[in-house]
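Student: I would like to go through this structure with you. Could we begin with the terms that we will need?

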Amino acid sequence: MQIFIDSADPNEVRQAYAGGLLSGVTTNPSLAGKSGKPYAETVTEILNIIGPEDSLSLETIATETAGMVSEGQRLSQLDHRIAVKVPATPAGIQATKILSSQGIKVNVTLVFTANQALAAALAGAHFVSLFVGRLEDKRQGTGIELVKEVRQIFNNYMLASRILFASVRKVQMIAEAAKLGVDVITVPKEILDQMLNHPLTTSGLNKFLQDWEKSKLQLPG
Ligand code: E4P
């Protein structure tokens with residue numbers, strides 16, 4: 001399983017990458033707008049931060065297949081680590097088929113049903129982004145149920161697309177996603193920062209350090 005950061009802010013990506021756990025970055029037009037920088041600058045900066053085998057997802061803006069295909073081709077030429085995001089609409093699925101047949105990695109986004117996920121996989125998507133949090137916002141359990149259904153379908157037919165657990169709302173979703181067998185989870189920085197928090201770790205460490213101080217011992221070596 002891999003963890004990506006869901007951000008289009010290079011400073012945030014840099015800080016999160018320093019934690020040593022990340023294998024990629026996902027962006028979307030809303031996140032790009034929030035960063036307040038020219039997009040080309042943002043993309044170059046993020047490409048300079050991520051590793052040589054990592055992935056950066058950039059979303060197309062066109063709503064028709066031809067536009068998605070030409071934007072996708074343009075974006076993918078920037079760097080081999082770029083995955084092109086297209087929505088799970090009929091036009092997006094057609095674009096996925098065309099782009100993936102050209103060897104371009106496609107991330108089908110805004111996936112809310114198992115049927116959309118199946119269509120994306122059959123069209124050759126590299127990533128299928130399940131928007132778990134947005135479904136959970138509407139009704140508890142529905143997002144998690146979607147992940148289970150899609151895992152089962154992909155397993156049944158050995159579909160190679162990677163399940164990307166997106167739209168994360170709370171830190172507990174990271175372990176939940178791992179239990180459900182997703183391939184990737186993309187997590188906002190503020191939630192990623194909570195991943196190692198536990199009050200017993202904090203209090204336990206304080207106690208160890210106080211006891212060590214009292215003992216006047218030195219580390220060997
Ligand atoms: C990831 O690729 C998505 O763009 C993202 O996880 C959406 O999250 P949101 O529902 O918090 O906007």
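Tutor: A polar contact is a pair of N or O atoms within 3.5 Å; within protein, one atom must be able to donate a hydrogen and the other to accept it, and residues adjacent in sequence count only if both atoms are side-chain atoms. This is a predicted model, in which local features need pLDDT of at least 70, side-chain atom pairs count only at pLDDT 80 or more, and totals for chains, interfaces and linings use all residues. Residues are numbered from 1 along each chain as its sequence is written, and side-chain values use heavy atoms, with hydrogens and water left out.

Student: Which backbone oxygen lies 2.8 Å from a polar atom of the side chain of Lys-85?

Tutor: That is the backbone oxygen of Thr-27. Lys-85 itself belongs to strand E4, residues 82–87. Helices (H or I, at least four residues) and strands (E, at least two) are DSSP runs, numbered from the N terminus.

Student: Is Lys-85 buried or exposed?

Tutor: Lys-85 has a relative accessible area of 4%, so it is buried. Buried means under 20% relative accessible area, exposed over 50%, and partly exposed in between, with a 1.4 Å probe and protein chains only.

Student: Now the ligand, please. Which residues surround it?

Tutor: The ligand is surrounded by Asp-6, Thr-26, Asn-28, Lys-85, Phe-131, Arg-134, Ala-166, Ser-167, Arg-169 and Thr-186. A residue is near a molecule if one of its heavy atoms lies within 4 Å of it. This shell divides into two nonpolar, four polar and four charged residues. Here Ala, Val, Leu, Ile, Met, Phe, Trp, Tyr, Cys and Pro count as nonpolar, Asp, Glu, Lys and Arg as charged, and the others, Gly among them, as polar.

Student: Which side chains have a polar atom 2.7 Å from an oxygen atom of the ligand?

Tutor: Asp-6 has a polar side-chain atom at 2.7 Å from a ligand oxygen. Asn-28 has one at 2.7 Å from an oxygen of the ligand, and for Ser-167 the distance to a ligand oxygen is also 2.7 Å.

Student: And how much of the ligand does the protein cover?

Tutor: On its own the ligand has 340 Å² of accessible area, and the protein covers 86% of this. Such areas come from the Shrake-Rupley method with a 1.4 Å probe; for residues, only the protein chains shown count as cover.

Student: What about Gln-102?

Tutor: Gln-102 lies in the loop between helix H5 (90–101) and strand E5 (106–111). Its relative accessible area is 42%, so Gln-102 counts as partly exposed. Gln-102 and Gln-73 are 29 residues apart in sequence, with 9.0 Å between their C-alpha atoms.

Student: Finally, how many helices and strands does the protein chain have?

Tutor: The protein chain has eleven helices and eight strands. Of its 221 residues, 49% are buried.
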